[in-house]
Amino acid sequence: MLTGKQKRHLRSLAHHLTPIFQVGKGGVNDNLIRHIEEAIEVRELIKISVLTNNDDDPREIGAELAEKSGCELAQVIGKTIVLYKESKDHKQIVLPRK
């Protein structure tokens with residue numbers, strides 16, 4: 001579980017990132033989850049955008065993606081979701097202490 005200070009730090013790091021995945025009208029599926037798990041192991045912090053043709057609430061999509069992929073939900077702002085998971089082999093991000 002991330003503290004508020006850690007989430008703020010992750011949000012500042014994610015500000016300059018571009019979304020690498022999109023959730024369309026098909027919603028969340030196993031293929032998307034698998035790709036997120038692979039990408040987050042290498043990058044640790046990723047952005048995902050929710051397309052306008054998806055009628056679901058971005059907060060619900062973010063929570064579902066975080067739960068199914070084993071990540072922490074750092075932020076949902078508008079239709080953009082930021083996920084974080086500490087990498088086992090490619091650790092780059094150092095979080096502030098709790």
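## Salt bridges

A search of the whole structure finds 3 salt bridges. A salt bridge here is a side-chain nitrogen of Lys or Arg within 4 Å of a carboxyl oxygen of Asp or Glu. The model is predicted: local features need pLDDT of at least 70, side-chain atom pairs count only at pLDDT 80 or more, and totals for chains, interfaces and linings use all residues. Residues are numbered from 1 along each chain as its sequence is written, and side-chain values use heavy atoms, with hydrogens and water left out.

Helices (H or I, at least four residues) and strands (E, at least two) are DSSP runs, numbered from the N terminus. Arg34 is partly exposed, with a relative accessible area of 42%. Glu38 is partly exposed too, at 44%. The cut-offs are these: buried means under 20% relative accessible area, exposed over 50%, and partly exposed in between (1.4 Å probe, protein chains only). The areas come from the Shrake-Rupley method with a 1.4 Å probe, and for residues only the protein chains shown count as cover.

Glu64 has a relative accessible area of 30%, so it is partly exposed. Lys68, at 46%, counts as partly exposed.

## The segment after strand 4

Glu86 forms a salt bridge with Lys91. The closest N and O atoms are 3.9 Å apart. Glu86 is partly exposed at 45% relative accessible area, and Lys91 is partly exposed at 44%.

Ser87 is found in the segment after strand 4 (80-84). Ser87 has 4% relative accessibility, so it counts as buried. Its side chain reaches the backbone oxygen of Glu41 at 2.6 Å. That is a polar contact: a pair of N or O atoms within 3.5 Å, where within protein one must be able to donate a hydrogen and the other to accept it, and residues adjacent in sequence count only if both atoms are side-chain atoms. Ser87 and Arg8 are 79 residues apart in sequence, and their C-alpha atoms are 19 Å apart in space.

Asp89 is also found in the segment after strand 4. Asp89 is exposed, with a relative accessible area of 65%. Asp89 and Glu41 are 48 residues apart in sequence, yet 7.7 Å apart in space, C-alpha to C-alpha.

Arg43 has its place in helix 2. At 44% relative accessibility, Arg43 is partly exposed. Arg43 and His90 are 47 residues apart along the chain, with 7.6 Å between their C-alpha atoms.

Glu44 lies in the loop between helix 2 and strand 2. Glu44 is buried, with a relative accessible area of 0%. Its phi is near 75°, a positive value in a residue other than glycine. Most residues other than glycine have a negative phi, and most peptide bonds are trans.

## A negative patch

Which residues gather in a patch of negative charge on the surface? They are Asp55, Asp56, Asp57 and Glu60. Patches are made of residues with over 30% relative accessible area and no salt bridge: like charges are joined within 9 Å, nonpolar side chains (Val, Leu, Ile, Met, Phe, Trp, Tyr) within 5 Å. Lys and Arg count as positive and Asp and Glu as negative, while His and the chain ends are not counted. The place of a charge is taken as NZ of Lys, CZ of Arg, CG of Asp or CD of Glu.

Asp56, one of the patch residues, is in the loop between strand 2 (45-50) and helix 3 (58-69). Asp56 has 43% relative accessibility, so it counts as partly exposed.

## Helix 1

Arg11 is found in helix 1 (residues 4-14). At 31% relative accessibility, Arg11 counts as partly exposed. Arg11 and Ala74 are 63 residues apart along the chain. Their C-alpha atoms are separated by 6.9 Å.
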